[in-house]
Amino acid sequence: MDFRNKIYLDTSVISFLYADDAPEKQEITVDFFDNFIKTGIYQAMISEFVLQEIENTGNGLLKGKLKAAVLDYPIEIISETNEAEIQRMAF
């Protein structure tokens, strides 16, 4: 059984990895992903809705970076049918 704390990430959190216009938020986000997500301290999750938002991103370069982040970091994808899991993490 996995006893790590679960954390739900929405699209904006992942986007801050590439927020050149907000360097302080970008730095904090990169630190969080590298030191807490990549190392497995937190079990990161996103929903299929986040994947759809990424797919709908108008900026092709940013879309590619966001897709790569989802693949590069250990992020679990929760199906739409498991919305109860997302709701439980919100509280």
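The model is predicted, with local features requiring pLDDT of at least 70 and side-chain atom pairs counted only at pLDDT 80 or more, whereas totals for chains, interfaces and linings use all residues. Residues are numbered from 1 along each chain as its sequence is written, and side-chain values use heavy atoms, with hydrogens and water left out.

The chain contains five helices and three strands, where helices (H or I, at least four residues) and strands (E, at least two) are DSSP runs numbered from the N terminus. Along the sequence these elements follow the pattern β-α-α-β-α-α-β-α. Of the 91 residues, 32% count as buried (under 20% relative accessible area, with exposed over 50% and partly exposed in between; 1.4 Å probe, protein chains only). The chain exposes about 5,900 Å², of which carbon and sulfur atoms supply 54%; accessible areas come from the Shrake-Rupley method with a 1.4 Å probe, and for residues only the protein chains shown count as cover. Among contacts (heavy atoms within 4.5 Å) between residues at least 6 apart in sequence, 71% join residues at least 24 apart.

The three strands form an open sheet in the order 1-2-3, with parallel pairing; two strands pair if DSSP finds at least two bridges between them. Strand 1 (5-8) and strand 3 (75-78) are the edge strands, each pairing on one side only. The twist averages 35° from one strand to the next. Strand 2 (residues 42-47) is joined to strand 3 by four bridges, and four bridges also join strand 1 to strand 2. M45 of strand 2 stands opposite Y8, and M45 also stands opposite E76 in strand 3. Strand 2 is mostly covered, with five of its six residues buried.

Helix 3 lies across strand 1, strand 2 and strand 3, and runs at about 65° to strand 2. Axes are lines fitted to C-alpha atoms, for helices over the stretch in contact, and angles run from 0 to 180 degrees between N-to-C directions. The axes of helix 3 (residues 48-55) and helix 4 (residues 60-72) come within 9 Å and cross at roughly 150°. Helix 3 is therefore roughly antiparallel to helix 4 (angles over 145 degrees; under 35 is roughly parallel, 65 to 115 roughly perpendicular and the rest oblique). In this contact, L51, I54 and E55 of helix 3 meet K63, L66, K67 and V70 of helix 4. The contact residues divide into four nonpolar, no polar and three charged; Ala, Val, Leu, Ile, Met, Phe, Trp, Tyr, Cys and Pro count as nonpolar, Asp, Glu, Lys and Arg as charged, and the others, Gly among them, as polar.
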